[in-house]
Amino acid sequence: MSAGGPLRSVGSMIEATELTKRYGGRNAVDKLSFTVRPGRVTGFLGPNGAGKSTTMRLILGLDTPTAGRVTVGGKRYADLRAPLRTVGSLLDAKGVHGGRSAHQHLAALAASNGIPGRRVDDVLDLVGLPADTARTRTKGFSLGMGQRLGIAAALIGDPEVLILDEPVNGLDTEGIRWIRGLMKSLAAQGRTVFLSSHLMSEMELTADHLIVIGRGRLIADTTMRDFIRTNSRSHTLVRSPEPEKLRALLEARGWGVRLDPGGGWRVDGTDATAIGDLARDHGLAVHELTPAHSTLEEVYTALAGDSAEYRAGEAASGKEAVR
Amino acid sequence: MTNDIIGARAGFRQALAAEWIKFRSVRSTVWTTAATAVVPIAGAVFVAATGSLQDDDTVIGGSLTLAVVAQMLAAVVGAMTITGEYGSGTIRTTIAANPGRATVVAAKATLVAGLLYVIALVSCSLAVLAGDALLPARYATGEPLPALFGIAGSFAVAGLLGLAVGTLVRHSAGAVTTVIGLLLLPSLFGPLFGDARRWIAGLSPTAALEKLTQTSDATAEAVGSLGPWPSLWLVAGCTAALLLVAVGALRRRDV
């Protein structure tokens, strides 16, 4: 690993411009433009079938875009001299032959880009795969070991850019924590880290920046902090035996009042103290008064709401749904 | 570390090195290749032991009776070098590591053709030597040289045909069935085509192999009157054309 080595140039951005991929009459990726910058973890968030994997395959030149373009460090992937030196990737389907050992898999990858063979032991060490395990066939690997091998493969060329599709899928908590720490440290070294997930909770803990897509389109491109600030609105839940009277009072103050799905009112624009005082001043009984936040998960679900409906329809055509 | 890999690049030489590691680290390709090497020799010993050779046959033709089977295995080896990648999903890893898809196929083709040529040359030479030692002296020897070089070449061609079909079909079972069909069917169904039989059967790499082994089965009416070497060049040309089509398909398709 180049930990402690010189920090690399900060020029290795992923830039997508009006990127479009059409499968069977439907745009799996639809005029998607975004930039992934070095030095931070960028989360790529969207429900299953939103086009995340397709976008990643487009970046890696595995699929050809129908329109638009995507570059890594200003170059098309296919024009990279030694791709593994610039971009390390872990795709959804791991792409390891079960009959081959981890060591052989990595050795072949290293050879394909003229990377010295001893780098294999370095990355095995880095991801914590023991030497004797690395010599056995990968068929018997647990999900966690397979994922570690996938990350080792991504790191084989000591790349400036990492593209990982759902890296924590199916991992136990220890494995998830390990990947999180690794991603953050790689970003701290000045690398570009781009990882996808369909889980907001995962992103909340790992990503500094968020790109959210649904139905192949960009929904949000913002820092995690801004995303939380703008989207995680708080409200106060209030319940009273005289709801209509209470609502009139609240609205007279100019506060937003919505019906809570569980009964009672959701009040925006104020806090519990003010509502409690107001009710007492007018002699109204209050049976519940609770400050509440809409979670990021809720916000994301709402954002991606119509994208989720799309899934059923996509199952018939999209490549994404097949995987 | 960083400085060590500054000269890194993903070209043909690197692709070939990677393909060689991949080839020898999977059992299916290793064992099928081993079988390709063993079958001709076993065939020579078997024919000598059973005395099943016809009187008008030659030592070289008799010794290489099972070369046709070995050639099919060679075609399967060629197919597996790429269908194994589709089956396991490593094709995406391979193409991501080397986006030059034509380069990847060229590396696979070089490996398959080179390896099968050497293996077939050694194996078939040993088979002929074994036959020569074991068969009764009343059989004509035939002319092993330079025919053995052509025979080895026909194995390389079969391997490349397998690679081309595998690249197009992308599925092990489908590719193996198709390529064995391409090798076998022309001579099986040739007779159905009447006078055209010799043209149809003559297009199979098997025809070139049979002519080169100088077996009595390789009659002009069965596999055409084209000489052994022109026959080999013809199937080599057809295979090269199919390989180009396969490269075109791979470059066009999403992986």
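I'll take the interface, then chain B, then chain A.

One caution before that: this is a predicted model.

Let's start with how the two chains meet. On the chain B side, 31 residues are in contact with 44 residues of chain A. How much area do chain B and chain A bury between them? The figure is about 3100 Å², and 57% of that is on carbon and sulfur atoms.

Which elements of chain B give two or more residues to the side that touches chain A? Those are helix 1, at 12-24, helix 4, at 67-88, and helix 5, at 90-97. Sorted by class, that side of chain B has 14 nonpolar, 9 polar and 8 charged residues.

Next, chain B away from the interface. An unreviewed UniProt entry places the feature "transmembrane region" at residues 30-53, 59-82, 111-135, 147-166, 173-193 and 231-250 of chain B. I checked two of those ranges against the model. Residues 111-135 of chain B are 96% helix and 0% strand, with 35 Å between the end C-alpha atoms. Residues 147-166 of chain B are 100% helix and 0% strand, and there the end C-alpha atoms are 29 Å apart.

There are two backbone details around that second range. As background, most residues other than glycine have a negative phi, and most peptide bonds are trans. The bond between Leu145(B) and Pro146(B) is cis, with omega at about 0°. Pro146(B) belongs to helix 7 of chain B, which covers residues 144-169. The other detail is Arg170(B), which is not a glycine and yet has a positive phi of about 65°. Arg170(B) sits in the loop between helix 7 and helix 8, the latter being 172-189 of chain B.

On to chain A. Its division is into domain 1, made of 14-229 + 300-322, and domain 2, at 234-293. Taken over C-alpha atoms, the centres of domain 1 and domain 2 of chain A are separated by 45 Å.

Over all chains, the structure holds 19 salt bridges. One of them joins Arg217(A) to Asp30(A), with the closest N and O atoms 2.8 Å apart. Arg217(A) is in strand 9 (residues 217-223) and Asp30(A) in strand 2 (residues 26-36) of chain A, so this pair ties together parts 187 residues apart in sequence.

What is Asp268(A) in contact with, leaving aside its neighbours within four places in sequence? The list is Ser234(A), His235(A), Trp255(A), Gly256(A) and Arg258(A). With Arg258(A), the side chain of Asp268(A) makes a polar contact of 3.1 Å.

That's all from me.

Note on methods: Residues are numbered from 1 along each chain as its sequence is written. Chains are lettered from A and ligands numbered from 1 in the order in which they are written. This is a predicted model: local features need pLDDT of at least 70, side-chain atom pairs count only at pLDDT 80 or more; totals for chains, interfaces and linings use all residues. Side-chain values use heavy atoms; hydrogens and water are left out. Contact means heavy atoms within 4.5 Å. Buried area is the accessible area (1.4 Å probe) that two parts lose on being put together, summed over both. Helices (H or I, at least four residues) and strands (E, at least two) are DSSP runs, numbered from the N terminus. Ala, Val, Leu, Ile, Met, Phe, Trp, Tyr, Cys and Pro count as nonpolar, Asp, Glu, Lys and Arg as charged, and the others, Gly among them, as polar. UniProt positions are given in the numbering used here, feature names are shortened, and annotations may be inferred rather than shown by experiment. A polar contact is a pair of N or O atoms within 3.5 Å; within protein, one must be able to donate a hydrogen and the other to accept it, and residues adjacent in sequence count only if both atoms are side-chain atoms. Domain bounds come from an automatic or database domain assignment. A salt bridge is a side-chain nitrogen of Lys or Arg within 4 Å of a carboxyl oxygen of Asp or Glu.
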